[in-house]
Amino acid sequence: MTILSLMPIDVAAEVVANRALSADYNVLTLGAPAIAAGCFPGQFVMVKSSSRRDPLLRRPFSVFEVVRDAGGSPTAITILSKRIGISTRERYDARPGQTIATLGPLGRPFTVVDPPTEAWMVAGGVGLAPFATLAEALAARHVKSTLFYGARTGAELFYLDFFRALGVELVLTTEDGSLGEKGRVVAPLDRRLGDRPASAPVMLYACGPERMLAATAKTAAAHGRPCQVSVERIMGCGMGGCYSCVVPMRGDDGKFHHVRSCLAGPVLAADQILWT
Ligand SMILES: Cc1cc2nc3c(=O)[nH]c(=O)nc-3n(C[C@H](O)[C@H](O)[C@H](O)COP(=O)(O)OP(=O)(O)OC[C@H]3O[C@@H](n4cnc5c(N)ncnc54)[C@H](O)[C@@H]3O)c2cc1C
Ligand code: FES
């Protein structure tokens, strides 16, 4: 059973490194050993990158990797960031030595399966972020894992060798056909599920744009497979105070209720969500 850290920690984390992966994507290493030591796959941090008023609110980011020293002690976390607005632009330009207010770990993580259940991860774009730590946790349990990973173009498919080194099978798709199968990532997922005997258990894990999550949830339901999705709603506080992050979900009474995805999620059961 996963025992969650009860109290998130707010630290002024030093930027240890900032690696550009492309013109829009970067991986930022933040010196935050206490957060690194307490986080589980799928959890996130709320990050405020400047001391200026604008932007006032922190932004949520999945913990991408936990960095360890030679003795195995956690020293830092990384975040995989896609530049889309004011905070992610600042993050792309961050310099080593600068400090960034970082609060975490937050939210409910993925439930990690055991063999003989296989794990099929489904990532769209920057939705890859929660799967590096999940793949490590699955490998530690000797779970056979596959990553269905789609992006617009082959130049935006990152960390492929990282997943291969963990023994993860890769199924790649690109919208322009420059790497892997041309089209959307749910197509090969649907085919593979169709080929799999009902007696062979598999857990789906998905993170990416809302339309991709909805399509994955629909595909999982059509094949009668369980699916955990990590939703990326706009989050104002990350701690249950602002209700900016609500998701309509079916309650025990069978009716739909709005739940705060920062507390009940970001990892939620796909078949409980009312997809619009
Ligand atoms: C739990 C969680 C984990 C996340 N993990 C990552 C991650 O690992 N890497 C990453 O790059 N991003 C991640 N995101 C999304 C990230 O938080 C947003 O990209 C970020 O808040 C944008 O901040 P900004 O100031 O750069 O953009 P803003 O200037 O605030 O917004 C720019 C534009 O993007 C839109 N936008 C902002 N946030 C979102 C969102 N969540 N969904 C859809 N549209 C949005 C705005 O409406 C606006 O149109 C995560 C979100 C959640 C909820
Ligand atoms: S982000 Fe404020 S309640 Fe969820």
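A polar contact is a pair of N or O atoms within 3.5 Å. In this predicted model, a backbone N or O atom of Ser-62 lies 3.0 Å from a nitrogen atom of ligand 1. Pro-60 also takes part through its backbone: one of its polar backbone atoms is 2.6 Å from an oxygen atom of the ligand. For Gly-85, the separation between a polar backbone atom and an oxygen atom of ligand 1 is 3.2 Å.

Taken alone, ligand 1 exposes 890 Å², and the protein buries 73% of that area.

## The shell around the ligand

The space that ligand 1 takes is the largest pocket. Strand 4 supplies the largest share, with four residues.

There are 20 residues around ligand 1, and those that come nearest are Pro-60, Leu-80, Lys-82, Ser-87 and Thr-88. Sorted by class, the shell consists of eleven nonpolar, five polar and four charged residues.

## Overall fold and dimensions

The protein has six helices and 16 strands. Along the principal axes, its C-alpha atoms fill a box of roughly 55 × 45 × 40 Å.

The radius of gyration is 18 Å, which agrees with a compact globule, because a globule of 276 residues would have a value near 19 Å.

## Backbone features

Two cis peptide bonds can be described, each with a proline as the second residue. One joins Gly-104 and Pro-105, with omega at about -5°; Pro-105 is found in strand 7 (residues 99-106). The other runs from Gly-265 to Pro-266, with omega near 15°. Pro-266 is found in a loop, between strand 15 (256-260) and strand 16 (267-269).

His-142 has a positive phi, near 60°, although the residue is not a glycine. This histidine, His-142, is found in the loop that links helix 3 (131-140) and strand 9 (145-151).

Notes
Residues numbered from 1 in each chain as written. Chains lettered and ligands numbered in written order. Predicted model: local features only at pLDDT ≥ 70, side-chain atom pairs only at ≥ 80, totals over all residues. Heavy atoms only, no water. Near = heavy atom within 4 Å. Polar contact = N/O pair within 3.5 Å; in protein donor to acceptor, adjacent residues only side chain to side chain. Areas by Shrake-Rupley, 256 points an atom, 1.4 Å probe, with all protein chains shown as cover. 1 Å grid on protein atoms, 1.4 Å probe; cavity = no way out; pocket = protein on both sides within 12 Å on 5 of 7 lines; lining within 4 Å. Sits in = over half its atoms within 2 Å of the grid points. Helix = DSSP H or I, 4+ residues; strand = E, 2+ residues; numbered from the N terminus. Nonpolar A, V, L, I, M, F, W, Y, C, P; charged D, E, K, R; others polar. Rg over C-alpha atoms; globule rule 2.2 N^0.38 Å.
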